[in-house]
Amino acid sequence: MAAGGDTIARVHAGIDSSNKTLLKSEALYKYVLDTSVLPHEPECMRELRLVTDKHEWGLMQSSPDEAQLLRMLIKLMGARNTIEVGVFTGYSLLATALALPADGRVIAIDVDREYYEIGRPFIEKAGVAGKVDFREGPALDHLDALLADERNLGAFDFAFVDADKPNYVRYHEQLLRLVRVGGTIVYDNTLWAGTVALPPDTPLSDLDRRFSAAIRDLNARLSADDRVEVCQLAIADGVTICRRLV
């Protein structure tokens, strides 16, 4: 915590794929990565991750252990139709596409195609570009467009959300209608560098204060939502898995 009441610098400063964790021991996290994660990371994913680490906003990409979790969930579910809200350079998108069967698809939504274009060559090189349907623009609008077609209601098995945190609650309501009963919605950054547990008067940057408040609101709503079964994990920056019940 900052001394003398000074504002804490952006809480994710200095983060990349090698240290995006809430574990207190860097040695322990390195052990997890080196033992169980990186040896099983596909080469195309590794290449994209390292390229993204050099990007100005590289901290926004999913960690390799989180991407491994997404791949495992998709395979365990036998998911075929999925949605990703927030793509950035496409590291988690590539993980999803690789995990999907040959006839699977992922609708990938992001406001900035420029970032996606960084990852697209890696997706093509991996041979999974045919599974990806990229849609540029605000996710709320694209999800509404999907909802306008009754054939999409309950038609998706899995959704991953890693976009603008203040809209997570709104995405949740839309995705609950698109993801089938028994399907899964995964939310990223649900512990926001641990700030969700800090006292309300902790001096944070304006962005961290707003996003942390939005995440706390989401967490409270998810916990009280009897339409889903919730599991919150301290992986990466916090991951919450929701299984639709009704």
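Q: How many positive and negative side chains does the chain have?
A: There are 28 positive and 37 negative ones. This is a predicted model, by the way, so everything here is computed from it.

Q: And how far apart are the centres of the two sets?
A: The centres of the positive set and the negative set lie 4 Å apart.

Q: How far is R209 from T195 in space?
A: Going C-alpha to C-alpha, R209 and T195 are 8.4 Å apart, and in sequence they are 14 residues apart.

Q: What about R170, which helix is that in?
A: R170 belongs to helix 7, residues 168–178. Its C-alpha atom is 7.8 Å from that of L140, although R170 and L140 are 30 residues apart along the chain.

Q: Is R170 buried or exposed?
A: R170 is exposed, because its relative accessible area is 51% and the cut-off for exposed is over 50%. R209 has 35% relative accessibility, so R209 counts as partly exposed.

Q: Switching topic: how many helices and strands does the chain have?
A: The chain has 8 helices and 7 strands. Its radius of gyration is 18 Å, close to the 18 Å that the globule rule gives for 246 residues, so the chain is as compact as a globular protein of that length.

Q: What size of box do the C-alpha atoms fill?
A: Roughly 55 × 40 × 30 Å, taken along the principal axes.

Q: How much of the chain counts as buried?
A: Of its 246 residues, 49% count as buried. The accessible surface comes to about 11,400 Å², and 53% of that belongs to carbon and sulfur atoms.

Q: And the contacts: what share join residues at least 24 apart?
A: If you take contacts between residues at least 6 apart in sequence, 72% of them join residues at least 24 apart.

Q: Now cysteines. How many disulfides are there?
A: The count comes to 0 disulfides. For C231, the nearest cysteine sulfur is that of C242, 9.5 Å away.

Q: Is C242 buried or exposed?
A: C242 is buried, with a relative accessible area of 1%. C231, at 37% relative accessibility, counts as partly exposed.

Q: Last topic, backbone angles. What is phi of F88?
A: Phi of F88 is near 55°, a positive value in a residue other than glycine. F88 is found in the loop between strand 1 (81–85) and helix 4 (91–99).

Q: Is F88 buried or exposed?
A: F88 counts as buried, at 7% relative accessibility. The cut-off for buried is under 20%, so a value of that kind qualifies.

Q: What about A236, what is its phi?
A: A236 has a positive phi of about 55°, although it is not a glycine.

Q: And where is A236 in the chain?
A: A236 is in the loop between strand 6 (228–233) and strand 7 (239–244). A236 is buried, with a relative accessible area of 2%.

Notes
Residues are numbered from 1 along each chain as its sequence is written. This is a predicted model: local features need pLDDT of at least 70, side-chain atom pairs count only at pLDDT 80 or more; totals for chains, interfaces and linings use all residues. Side-chain values use heavy atoms; hydrogens and water are left out. A disulfide is a pair of cysteine sulfur atoms within 2.5 Å. Buried means under 20% relative accessible area, exposed over 50%, partly exposed in between (1.4 Å probe, protein chains only). Helices (H or I, at least four residues) and strands (E, at least two) are DSSP runs, numbered from the N terminus. The radius of gyration is taken over C-alpha atoms; the globule rule is 2.2 Å times the number of residues to the power 0.38. Contact means heavy atoms within 4.5 Å. Accessible areas come from the Shrake-Rupley method with a 1.4 Å probe; for residues, only the protein chains shown count as cover. Lys and Arg count as positive and Asp and Glu as negative; His and the chain ends are not counted. The place of a charge is taken as NZ of Lys, CZ of Arg, CG of Asp or CD of Glu.
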